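Trainee: I would like a close look at one part of this model. Please pick a helix and take me through it step by step.

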Amino acid sequence: MEEVAKAYLAGIVDGEGTVTLMKHHKNETPIPFVGIANNNLELLKWIKFLVGGNICAKKKRLPHHNDSYVLNVRQDRAIRFLNEIKQYLIIKKQQAELITTKYKAVTPRTGRYTPEMLAKKYELVAEIRKLNQR
């Protein structure tokens, strides 16, 4: 990916995005997640072409609202995406740094956690959620 595209995507993530750890299914531990909400479907298709993920349509809340969409990027794909753009991030840089540097250390490949490992993972989740508070 070109440096200009990385910087542009970082601006979109800073302005319209979410960088966090969240559960995708009820019975799993939180996983890396990058979400970008926008009304421009073509923009989200371009980003999906570059980094992958899924685009979902959001329901209109009021009749005068425009159609809106969300690009969801999860797990290793989200980590790779954050590694590509984190040098250009401003607002969400700390969240990206935590996910890219600490997530793999607190997540066993087997998915089997000791109580200590699970506690460390949820400490990381709490740290990222604290950063995401307004």
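Predicted model: local features only at pLDDT ≥ 70, side-chain atom pairs only at ≥ 80, totals over all residues.

Mentor: Helix H5 runs over residues 115-132, which makes 18 residues. At 1.5 Å a residue, H5 should span 26 Å. Its end C-alpha atoms are 26 Å apart, so the two values agree.

Now look at the sides of H5. Its buried residues are Lys121, Leu124, Val125 and Ile128. They cover an arc of only 100° around the axis, so they sit on the same side of H5. The background is simple. An α-helix has 3.6 residues a turn, so residues three or four places apart point the same way. On the other side of H5, Pro115, Glu116, Glu123 and Lys130 are exposed. What do the buried residues of H5 pack against? They pack against strand S1 (17-22) and helix H4 (93-102).

Next, the salt bridges. The structure holds five. In one of them, Glu3 pairs with Lys6, and the closest N and O atoms are 3.1 Å apart. These two are three residues apart in helix H1 (residues 3-16), so about one helical turn separates them. Glu3 is partly exposed, at 40% relative accessible area. Lys6 counts as buried, at 12%, because the cut-off for buried is under 20%. Lys6 also forms a salt bridge with Glu84, with the closest N and O atoms 3.4 Å apart. This pair links distant parts of the chain: Lys6 lies in helix H1 and Glu84 in helix H3 (residues 75-85), 78 residues apart. Glu84 is partly exposed, at 30% relative accessibility.

How values were computed:
Residues numbered from 1 in each chain as written. Heavy atoms only, no water. Helix = DSSP H or I, 4+ residues; strand = E, 2+ residues; numbered from the N terminus. Expected span 1.5 Å × (residues − 1). Buried < 20%, exposed > 50% of the residue type's maximum accessible area, 1.4 Å probe, protein only. Arc of directions from axis to C-beta. Contact = heavy atoms within 4.5 Å. Salt bridge = Lys/Arg side-chain N within 4 Å of Asp/Glu carboxyl O.
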